[in-house]
Amino acid sequence: MPDTTPRGLTRLAFGGDYNPEQWPESVWQEDVRLMREAGVTMVSVGIFSWALLEPSPGTYDFGWLDRLLDLLHEHGVRVDLGTPTVVPPVWFYRAHPEALPVTAEGVRYEFGSRAAVCHSNADYRAAAARITTALAERYGSHPALALWHVHNEYGVPVSACYCDSCAAHFRRWLAAAYGTVDAVNEAWGTAFWGQRYTDFEQISPPRLTPATVNPAQALDYKRFADATMRENFRMERDILHRLSPGVPVTTNFMTALSQCDSVDYWAWGREVDLVTNDHYLITDGRRTHVNLAMAADLTRSVAGGAPWLLLEHSTSGVNWQPRNPAKAPGQMARNSLAHVARGSEGAMFFQWRQSRRGAEKFHSAMVPHGGTGTRVWREVVELGSFVDALAEIRGTRTDADVAVLWDWHSWWAQTLDWRPSVDHDARERADAFYEALYDRHLTVDFAHPEADVSRYPLVVVPALYLMTEAAGRNLTAYVEGGGTLVVSYFSGIVDEHDAVHEGAYPGPLRDVLGLTVEEFSPLLPGERVRITGPDGTELGADVWTEFVVPRGADTVLAYADGPAAGLPAVTRHRLGEGTAWYVSTRLGADGLDTLLGRAAADARIAPRPDLPRDVEVVRRTGESGTYLFAVNHTGADAKVPLEVPGTELLTGERAAGRLAVPAGAVRVVRLDG
Ligand code: GAL
């Protein structure tokens, strides 16, 4: 059994992607000296090094990597070693041009960037297996080796290839999944628009078509593309397990929904020994630390609640967004420790030394262009000084209050063409509900719709358009057993093949919600509706309305105007020991807060202490103790109540009563007892 923690790492992981091949070897000596100064414990090496390691077919040059790993080992830095299969060398592409992926429009990508890989291509698979084998044979028992890092961010930026090899592979995948072509016809509803197939050979990827392509075909292609990447991951992982036993294998995920939309991380989480994630702040005007918290919670959930590792984030600005602000003083530490609070066993960066050449020279790094006389470097060294102080939290798990249901397949289905409104977006609803829970200081676990959620007092379904009958039964049993469920509109509409459930909407949720929905009536841009209740509550909403017919549920708020005027907008249904809420329109932040406040009361979730909205409080618990993390994202000093006294790990001071958290600071208290 491979271990699930980086071998030989006894503290938090702190370091970054290290690309020394961009520098003369004389710089390496300075690198290791500075790594010690900063308290670096682990670096990621070799992710993009295939062209250097195998300069011509079958000829390897390992000399530089031998020297590098030995040097890192001498300096006590552990190594996360990449398999460089995300960028094959140019000689490979010149020999196998069909390994370059093709877009749905039929355009083949060129060499000269990165991640141009057709995952169905047999020559690519064979070459990837060879370089992985060569690396594993050479370094599989190197004393510096802590972790294997397969490939890089599967699914980004190429989410699927549409070439002929993929077409053939897709047909094999369909044959294995469905058995007969008639089963495909049935699942895809090919009776519609005369798309009936009589042989698997007739089926293509969903390439460019004049009107929208068959949605079930498009959905299956997303599943196929994801599964194909996973086949290649497994192929490399199995080689590494065989030749390098005991060393865990990972591949870096990108769970932020705004950064990768093509990978089903529920499935991937089961394949890796250790879940690792890359996260970059998206500066779109929203609160970046909320997006960070959401990605961290999703990563932990994908890891099944087990500790995971932040493998990349940035010390300051990135360079691939339209505008890339520098991080504010202290923000890097807040970001890093917020990930740790939510389960990461460290904080790693892209990258160690800022490049002088190439596409990412304006991306921040641990050692910036300006060298060690800079604020970034001073903050890196300060953060590194926490690595020892926090070592004891390793292995503890983040406590969660609430489960939010999320399913990549449902998101994929919902984003296909020709839905009732382009303004409805499952990701937007997930973000909005998450933010409303964050603002109530509730910690979120994400869960698959068919997962056992009985331990959570409150389960929230932001937008689950695709839902199986099994998921519906799961949620019904959850409520009957005493749970509180909140479901947002356009959920439970189709099955796993994007076929509308039989009977009225929302198929598998009708019984638990105690209602049916007769029609959707989305709103036009700028159009808003008011929803009101007998207690004087009045909320605004937009984007979506529905004609809801209660069948057991009580109307809590009704539409005061708009297409559904007079009909229920928010309902509450008592079923068994529990309660199910339904909201049929898009509530803003105030509406979500009202709704979740009432549902939290049903769930008997105790109100949180009166804290400013942007003071984040999260706990990790385990054998070594209970740790309270307080991250102050505001510009004002804050006080966080402690039920029991404790020791603050970053300052070493005792804390009791109300913990002082200065503006912009982080505090981590080991609670007594
Ligand atoms: C990541 C990638 C790194 C680097 C970084 C820049 O997605 O894995 O190699 O490109 O982005 O932010």
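**A tour of selected sites**

Start at Phe490, which counts as buried at 2% relative accessibility. The model is a predicted one. Phe490 sits in the loop between strand 14 (484-488) and helix 17 (510-513). Check the backbone there: phi of Phe490 is near 60 degrees, a positive value in a residue other than glycine.

Next, select Ala115, in the loop that runs between helix 4 (90-95) and helix 5 (122-139). Its phi is also positive, near 60 degrees, and the residue is not glycine. Ala115 is buried, with a relative accessible area of 9%.

Two cis peptide bonds follow. Select Val156 and Pro157: the bond from Val156 to Pro157 is cis, with omega near -5 degrees. Pro157 belongs to the loop between strand 4 (145-150) and helix 6 (164-178). Then go to Phe350 and Gln351, which are joined by a cis peptide bond with omega of about -5 degrees. Gln351 is in the loop between strand 9 (344-349) and helix 12 (375-384).

Now show helix 15 (residues 426-439) with helix 18 (residues 589-602); they pack at an angle of about 60 degrees, their axes 9 Å apart. The crossing of helix 15 and helix 18 is right-handed. For the contact, display Arg429, Ala432, Phe433, Ala436 and Leu437 in helix 15, which meet Leu592, Leu595 and Leu596 in helix 18.

Finish on the surface. Phe192, Trp193 and Trp418 make a nonpolar patch of about 440 Å². Phe192 lies in the loop between helix 7 (181-188) and helix 8 (215-243), and Phe192 is exposed, with a relative accessible area of 54%.

Conventions
Residues are numbered from 1 along each chain as its sequence is written. This is a predicted model: local features need pLDDT of at least 70, side-chain atom pairs count only at pLDDT 80 or more; totals for chains, interfaces and linings use all residues. Side-chain values use heavy atoms; hydrogens and water are left out. Patches are made of residues with over 30% relative accessible area and no salt bridge: like charges are joined within 9 Å, nonpolar side chains (Val, Leu, Ile, Met, Phe, Trp, Tyr) within 5 Å. Accessible areas come from the Shrake-Rupley method with a 1.4 Å probe; for residues, only the protein chains shown count as cover. A salt bridge is a side-chain nitrogen of Lys or Arg within 4 Å of a carboxyl oxygen of Asp or Glu. Helices (H or I, at least four residues) and strands (E, at least two) are DSSP runs, numbered from the N terminus. Buried means under 20% relative accessible area, exposed over 50%, partly exposed in between (1.4 Å probe, protein chains only). Axes are lines fitted to C-alpha atoms, for helices over the stretch in contact, and angles run from 0 to 180 degrees between N-to-C directions. A crossing is left-handed if the near helix is turned anticlockwise from the far one by less than a right angle, and right-handed if clockwise. Contact means heavy atoms within 4.5 Å.
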